[in-house]
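Here are my notes for you to read with the model open. Take them one at a time and find each spot as you go.

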Amino acid sequence: MTGTFLSRLHVEKVVGGWVLTDPLSYYSPMLKDTITVPTGFLTDFASVPRMPFVFLLFGDVAHEAAVIHDYLYKARWLSRREADGVLLEALEAAGVSWWRRWPMWAAVRVFGGAFFGGR
């Protein structure tokens, strides 16, 4: 079963990233629960290296899923493995093709540990 975004992403550019101007809600079938990112949450979306080819393939994709994942990493009310699993299902819910979402998920699994709870 694919997850569902229950609201649309509304953000405003600020120093240091983007801030939510309205809550963003996502239903996760894996968790059987709804995640709501509150208004005012600061995100940098997905942290994709700015190498041209890599960014072309994986950058500026699925901002909604990235916000949910950033929030889960900051809140730490799930394990890192669970948060990364929610990212994978949220990428699918956002319409990201399998050939993009699996490498994005794998990169987060390999490199995300340094950011878990640290932002």
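1. Which side chain meets that of R109 in a salt bridge? It's D84, at 2.7 Å, N to O. (A salt bridge here is a side-chain nitrogen of Lys or Arg within 4 Å of a carboxyl oxygen of Asp or Glu.) R109 lies in helix α4 and D84 in helix α3, so this pair ties together parts that are 25 residues apart in sequence.

2. A quick word on where this comes from: it's a predicted model, where local features need pLDDT of at least 70, side-chain atom pairs count only at pLDDT 80 or more, and totals for chains, interfaces and linings use all residues. Residues are numbered from 1 along each chain as its sequence is written, and side-chain values use heavy atoms, leaving out hydrogens and water.

3. Back to D84, whose side chain also meets R80 in a salt bridge, at 3.8 Å, N to O. D84 and R80 are four residues apart in helix α3, so about one helical turn separates them. In general, an α-helix has 3.6 residues a turn, so residues three or four places apart point the same way. Put together, R80, D84 and R109 are linked in a network of salt bridges.

4. Is D84 buried or exposed? D84 counts as buried because its relative accessibility is 0%, while R109, at 21%, counts as partly exposed. (Buried means under 20% relative accessible area, exposed over 50%, partly exposed in between, with a 1.4 Å probe and protein chains only.)

5. Now look at the whole of α3. (Helices, H or I with at least four residues, and strands, E with at least two, are DSSP runs numbered from the N terminus.) The buried residues of α3 pack against β1, β4, β5, α2 and α4. After α3 comes G95, with a positive phi near 90°.

6. Next, the strands. β4 runs antiparallel to β5, joined by five bridges, and β4 also pairs with β1 in the antiparallel sense, over two bridges. (Strands pair if DSSP finds at least two bridges between them.) Check Y27 in β4: T4 is its bridge partner, and T34 in β5 stands opposite Y27. Four of the five residues of β4 are buried, so the strand is largely enclosed by the rest of the structure.

7. Finally, the largest nonpolar core has 27 residues, and L24, V37, V67 and I68 have the most contacts inside it. (Such a core is a set of buried Ala, Val, Leu, Ile, Met, Phe, Trp, Tyr and Cys residues joined through side-chain atoms within 4.5 Å.) Helix α2 gives the most to this core, with seven residues.

Note on methods: Contact = heavy atoms within 4.5 Å.
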